[in-house]
Amino acid sequence: MDYKERIAQLHAWLEQNGGCLQETIEIAYHEPEGFHLRALQDIDTSRALVCVPRTLTLSISTLSSAKSCWPEDFMTHYMARPYVITRFLLMDEFLYYHSSWWYPYISLLPQPSNDPNLTPFNTPLWFSGEDVKWLEGTGLAKAAKQMNDLWQAEYEGGIHFLKQLPNYGRFTWMLYKWAATVLSSRCFPSDRYTDGQETFRPIHEETLGVANRVAEKTIKHPVLVPVLDLANHNPEVEMKCRIDEEGYFLYLAQKVPAGKQVCITYGAKSNEELLMGYGFVIPDNPADFLGLSFPILDTPRKWCAQRIMTEDRYFPLCISHAQLGIGSALPSEFALAPHIFHLRMEVLPSTSLFDTIRLNIANERELKEYYCGRDEYSNRSSTQARAQLLFALLRRNELLSTSPATSGPEPLTANQLVAHRCASSQLRILKYHIGKLLGDLIEIRQSSFVWTLESLLRSTSHGIQRGMRKLCRAVCGTRNHVTLKAQGFEDSIMIIFVCLLWLVMASRDQPTGRTTSSEQTADLDVNLTFDKWYSFIARTYCPPPNSTSQCRGIKCFCSPKSSHPWTIWESENETSVGYAAEVVAAHAVVHRAFSLNDIDPIFANPDSWTRDFLQWGSEIWMSEAVVLPSASSADEFHSLGSHRQEDIEMEKALYLEI
């Protein structure tokens, strides 16, 4: 039977059973759209275009079980998952084919095949061979595998109950996968446009048996609506689908020119959603977005999430008080599921996305502040959250830019073409947000309250900067920040800077800028930044220890590698066990300068520069540092088209809390 005969048969079946198709439209077939609805002339928007009686719909409420004796334990077990039951019932109707009540409709569905090269659908779950590689870099490869594993587990669970049937072997895995794809790509939910009526009364009441009881208890279940599901997707269509006791009725709000498709809208869906669910994408899709998953990492941060996340603030994520444990004790195993955040073209990332990242990168000080109710953004956490988002996008950008879908040859198959369009759209979104984040972070870097290795060693008359330049030149042979970073001195020098700032400012009468007659500080023109930094450290952190006995038990790290350039400056009788490598390096640099008698007087005397003092400075540096891109990073990203994270030059910095 050719497609024209099948269309005529479906149309006749619809009208013979109380349905109707407005005379202004027809069921048509054309590659690559397949079967669809097409306007013959200007449609009448005052009347329903399609009317489908409920008796013609396929669901657990209407699929007859007279031809199969379904085990009651199977129906009872999947009562809460009616879509599993519906898939097996659809398989059963397909296997009866010509004798099925729904044969005119089933014959127009994409048909399953035993040939792996002839797939009935273009969704990623049906990709094979080289086509699968074109999903790399997107979220589709992982999503398709997860969905396939889920469906297979549901199929095996259902077969376990159906083994008591003599002919259960005809329900194959490939047929189940076909039925699951039919439902996921064509069904209407039973509770949409129903004015709160969430269940339907079964039609074949005398034959449904236990299926009747399942349907009555089901809150939501998938429904296949013949003819109506032939309408393809157009996100700009204004439509209304009315459901009442009689059936389903489709209305359009705008006219459709003769010869054009009559479409409905599936909602504002991204290309990933469209490809995953329906097997197509929309070029320049205005609803397209990039999905990012960010879990909250550990229990202390989840406690803070419980404290600062409110239902109003997180409404877009559908996080309820019950999910967060608000109003009840939080168990130690409390876990928030990773949330998917959406990035769209020319739309700022959501506050909830930054809040989640902010919790993950918060230092101990910020976690305490968040839990105590001070949940406003801080300079450090908001900046570092942007940097972490930038890193995540750069990683995605690298994967996507090197995938076959964006860097390979021209697409050879329909699957490769849609995968290419989907990946290219995501790449545009990535590059847009990477460029915006780079610009924001570079602007922050230019603030006078940000200190990087480069700005610290800049030529000025300020005593602290002058002293740091002299130290680097005397001990490391250079004050060039790029060379010092390449030699591994960035952390050590910034630790020395924190300690020197404290040492100099603590020698003053007040942290407001009044100087003493001290010889070490008489010539020091301390600017407002240093003053505020000292005030922040004094307000936030305990004073540094004066001796080993006063050490506050800061967590220690591994010993330094012997290949580090500063190891030759450590005397053999000095122990560095129990101190972070950066602390040992900082100690070696300072005392090397003292031994060379080539150090600025503001460093006071060698006895002040103990490892415990430098460990204290290390704690502040490691806790308060942020990562910022270099001033040239944005230009390099846009002009060179770089897609690798290592191509973006990043530098650690201190960003003052003000």
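**Close-up views of a predicted model**

**View 1. Helix H22 and its buried residues.** In helix H22, the buried residues (under 20% relative accessible area, with exposed over 50% and partly exposed in between, for a 1.4 Å probe and protein chains only) are Thr529, Phe530, Asp531, Trp533, Tyr534, Phe536 and Ile537. The model is predicted: local features need pLDDT of at least 70, side-chain atom pairs count only at pLDDT 80 or more, and totals for chains, interfaces and linings use all residues. Residues are numbered from 1 along each chain as its sequence is written, and side-chain values use heavy atoms, leaving out hydrogens and water. Helices (H or I, at least four residues) and strands (E, at least two) are DSSP runs, numbered from the N terminus. H22 covers residues 528-540. Its 13 residues should span 18 Å at 1.5 Å a residue, and its end C-alpha atoms are 18 Å apart, which agrees. The expected span is 1.5 Å times one less than the number of residues.

View 2. Two strands pair if DSSP finds at least two bridges between them. E11 and E13 (residues 650-655) pair over 3 bridges. Val450 has Tyr655 in E13 as its bridge partner. Contact means heavy atoms within 4.5 Å.

**View 3. Arg170 meets Asp92.** The structure holds 18 salt bridges. Each is a side-chain nitrogen of Lys or Arg within 4 Å of a carboxyl oxygen of Asp or Glu. Arg170 and Asp92 form one, with the closest N and O atoms 2.6 Å apart. Arg170 lies in the loop between helices H6 (140-162) and H7 (173-186), and Asp92 in helix H3 (residues 82-96), so the pair ties together parts 78 residues apart in sequence. Arg170 is partly exposed at 24%. Asp92 is buried at 1%.

View 4. Asp149 pairs with Lys145, the closest N and O atoms being 2.9 Å apart. The two are 4 residues apart in H6, about one helical turn. Asp149 is partly exposed at 37% relative accessibility. Lys145 is exposed at 56%.

**View 5. Arg428 and Asp284.** Their side chains meet in a salt bridge of 3.9 Å, N to O. Arg428 lies in helix H17 (residues 414-445) and Asp284 in the loop between helix H10 (271-278) and strand E9 (290-294), so parts 144 residues apart in sequence are tied together. Arg428 is partly exposed, at 42%, and Asp284 is exposed, at 63%.

**View 6. Asp131, without a salt bridge.** Asp131 is found in helix H5 (residues 130-133). Asp131 is buried yet has no salt bridge. The nearest side chain of opposite charge, Lys133, is 10 Å away. Lys and Arg count as positive and Asp and Glu as negative; His and the chain ends are not counted. Leaving aside neighbours within four places in sequence, Asp131 is in contact with Thr413, Asn415 and Gln416.
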